[in-house]
Amino acid sequence: MAEQNVTENKHILNIPEVIPILPLHKVLVFPKTMIPLEVTGNLTVLVDEAMTKDRIIGLIMFKKEPDNPNQYTIDNLHEVGTCATIMKMVKTTENHTQMLLQGISRFSIVELIEGTHYKQARIKLIEEKGIKDLETEALMSNLLSLFDQILRLSPFIPPEFGPMAKSITDAGILADLIASIINAPMEEKQKVLDVADLKERLKVVTSMVNHQKEVLELGNKIQTKVKDDIDKSQREYYLRQQMKAIKQELGEADENTIETDEYRKKIEEKNLPEEAKKEALRELDRLSRMHPSSAEYTVSSTYLDWITALPWNVSTVDNLDISKARQVLDEDHYGLTKPKKRIIEYLAVRKLKPDSKGPILCFVGPPGTGKTSLGHSIARALERKFVRISLGGVHDEAEIRGHRRTYIGALPGRIIQGLRRAESNNPVFMLDEIDKIGSDFRGDPSSALLEVLDPQQNNSFSDHYLDVPFDLSHVMFITTANVLDTIPPALLDRLEVIELTGYTQQEKVKIAERYLIPRQLTENGLTAGQFQLNEKALNMIITGYTREAGVRNLEREIANVCRGIAAQIAEGSVKSKKLTDEDIPRYLGPVKVPTDIDSRISRPGIAIGLAWTPVGGDILFVEATAMKGKKGLTLTGQLGDVMKESAAAALSFIRTNARVLGIKSEFFDDMDIHIHVPAGAIPKDGPSAGVTMLTVLTSLLTNRKVKKHLAMTGEITLRGTVLPVGGIKDKVLAAYRAGIRTILLPAWNKKDLEDIPANVQKNISFHFVNDMMDVVNLALEPVKEKKQSNAPVKKHRPVEPLKKKKPASTGRKITKTKK
């Protein structure tokens, strides 16, 4: 077939050699296609001058977006552009011109010519190459088939382009038309414009159309799958919208809308902090888009319930009347001078400086000394709400910080829960049994408490559930513990420790008369006229049926007596009862606590030591005996390593100073010694029994008894120095309860007598020692002088002394027997 070209048409249009150039960005015009275009600025001059001449301009695309469209070089432009004629032109404003362009032919720029307002170019027209043969027709047919599929798949291309494309017989025009219609990047379309060969151009356009077909097919597949997935939810949505419209017509409000409005009202009324309000509104926005039957709806509504129920800005007014607060504290508790003094000091500071932070107090003492009840009294004195949580056995960090909302059934921690119950952001918050917190794979709760109990950090405490900071600086935290050893050092450093030691017998009598007996009368339905307990009977209950630092067991025994009287009154056998000490065994049984300690130290080798336990002080009997053997030392009574070492050190000191103590230096060569501490089922340890160990061994080896009603405590060294120990007040009170009247203490512990009640100091004689020789001289009875006799007397044996009989008047020789 003859070669077809457009040279004739080009000559008919008479395209000049130099034409004005209109550079374009991301806009491409193909020959024989029409496109609307708007120009502004200096380029309107180009259009105006072209309209006065032949209406022909050159359209060519930038390679990339220029910084200044009017300043460009030939290197900034693509190699091939399109000559176009202006079919129509409308000037909207002075600098805005709209026109309709039709492409004519491809061209390439030979050189650019600078102009006043725009640039011109000397161009070279590009003629199409190729002939229309069988291969060309096959390429055209394949391209039309693909384009037809594109029209069916794409909803954005008008179907009228199908018949139009089929009516085109020119291969170049068909390729240019389809390339201008399909959705492809401008760089790909520029490649089509650059190709002059017809067959090659058809192949490039076929590749573009084929790629576009695959994209549309995959898109339709995805759309079909998504449509199937959302059909059900769309149907539900439409039904809900219909129900909503029906309810509106009936005048019924949507329940979801009502709940959302209620939450929004609560958020506004609560005056939440900015961060908390932002989070609450965000969650409310999520809630408004959920269906009430979904699981997430419950999670969001529960969160909003918590965040709107917390006392963000609700506080109680403190009672700053110091005299009234002191009166309340004295009404509720007898004694406890130090804790009461600290609370009064806090009130005084609060009165002078209202924005002061609350203290973090830690009440440490034996059970039953009033630690927890003191927290109630503090809250009553301050007129604050009271919250108590027990930390005993807590192992999970989430108990303090809460669970994250990703978990099913998540809740805030116990700190936030307590504040919600208190309905105040400044309650008295008691963390009970802080010394009994555990830790395992779920975390360490004591580490979580570091932030809670630090006044410098707890103003922005973040609970995992709320995920917004809450100010705890107004809360007055009080912790309780029986011992300090198990509290981590970092946590203990944040606490102001106040020790609550045991009560004396006189204090227990006062507490029983003022608080325990009236409370038990009420609980057992008795009146003061029906039941009376004289002081002597009360003292018998204290000394014979309880031995404790606190008053918990004392109240239990009083309750037993009250129930016995109540049973008699209910039976009608008595109308009222006034108990004496002789009546107590009938209600409580035989005496449980032995009070006769004299019989237990009636021979050498027994001494009384003082011990400290988590439940208060106690007395400790230490016994020693000797037998034939070879340098053996046996220790029994569940003694710890430290206590065993004290016994070994005491024996070494005695062997070193045997002659000074009046003991044969070789006494240990043919002897075994056994030291036993009764109450063998109870583990015992600590260095404070060292003085007692040495005293009991010296008593045994010198055959001198320890003085009656005497007890001691202190650590010893190999040189016989007496070192200070702790727990002096608890130990002294325990000795006082047991009837001890003389106590030997290390000299360094003399300062600890300040904490001992005056009546105890008055009834006990204290001796302060620095050396073990002083202990021996003070603790052991003096050596008795032996009577002279005519019979020969053997030298004194330290362990098994010989007793002498008085000589007969006949002057006969008397034989000596061992006891």
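Residues are numbered from 1 along each chain as its sequence is written, and side-chain values use heavy atoms, with hydrogens and water left out. In this predicted model, local features need pLDDT of at least 70 and side-chain atom pairs count only at pLDDT 80 or more, whereas totals for chains, interfaces and linings use all residues.

The mean pLDDT (the predictor's confidence in each residue, from 0 to 100) of the protein chain is 83. A value of 70 or more is reached by 91% of its residues. The pLDDT is below 50 over residues 1-12, a stretch that has 12 contacts (heavy atoms within 4.5 Å) in the model beyond near neighbours in sequence. Over residues 787-819 the pLDDT is also below 50, and this stretch has 32 contacts beyond near neighbours in sequence.

The largest nonpolar core has 50 residues. A nonpolar core is here a set of buried Ala, Val, Leu, Ile, Met, Phe, Trp, Tyr and Cys residues joined through side-chain atoms within 4.5 Å. Buried denotes under 20% relative accessible area, exposed over 50%, and partly exposed in between, with a 1.4 Å probe and protein chains only. The residues with the most contacts inside the largest core are I378, F531, L533 and I584. When residues up to four places away in sequence are not counted, F531 touches I517, L521, L526, V561, C562, I565, K577 and L579. A second core of 48 residues is separate, and its members include I400, I416, V468 and I487.

Helices and strands are DSSP runs numbered from the N terminus (helices H or I, at least four residues; strands E, at least two). Helix α18 covers residues 505-523 and contains R514. R514 counts as partly exposed because its relative accessibility is 48%. Between R514 and P292, which are 222 residues apart in sequence, the C-alpha to C-alpha distance is 58 Å.

Helix α18 packs against helix α19 (residues 535-545) at an angle of about 120°, with the axes 10 Å apart. Axes are lines fitted to C-alpha atoms, for helices over the stretch in contact, and angles run from 0 to 180 degrees between N-to-C directions. The α18 and α19 crossing is right-handed; a crossing is left-handed if the near helix is turned anticlockwise from the far one by less than a right angle, and right-handed if clockwise. On the α18 side the contact involves Q505, K508, V509, A512 and E513, which meet E535, L538, N539, I542 and T543 of α19. By class, this contact has four nonpolar, three polar and three charged residues. In this classification Ala, Val, Leu, Ile, Met, Phe, Trp, Tyr, Cys and Pro count as nonpolar, Asp, Glu, Lys and Arg as charged, and the others, Gly among them, as polar.

Two further helical positions were examined. T260 lies in helix α8 (residues 255-270) and is buried, with a relative accessible area of 6%. Apart from neighbours within four places in sequence, T260 is in contact with L284 and S288. K278 is placed in helix α9 (residues 274-288) and counts as exposed, at 64% relative accessibility. K278 and E555 are separated by 277 residues in sequence and by 54 Å in space, C-alpha to C-alpha.

V387 is in strand β8 (residues 386-390). This residue counts as buried, at 5% relative accessibility. V387 touches G418, R421, A422, P427, V428, F429 and M430, residues up to four places away in sequence not being counted.

Most residues other than glycine have a negative phi. K26, in the loop between β1 (18-24) and β2 (34-40), has a positive phi near 60°. Its relative accessibility of 47% makes K26 partly exposed. D467 likewise has a positive phi, of about 60°, although it is not a glycine. The loop holding D467 runs between β10 (461-462) and β11 (469-470), and D467 is partly exposed at 44% relative accessible area. D583 is found in the loop between β15 (577-579) and α21 (584-588) and counts as buried, at 13% relative accessibility. Residues up to four places away not being counted, D583 touches K577 and K578. D583 and A537 are 46 residues apart in sequence and 8.0 Å apart in space, C-alpha to C-alpha.
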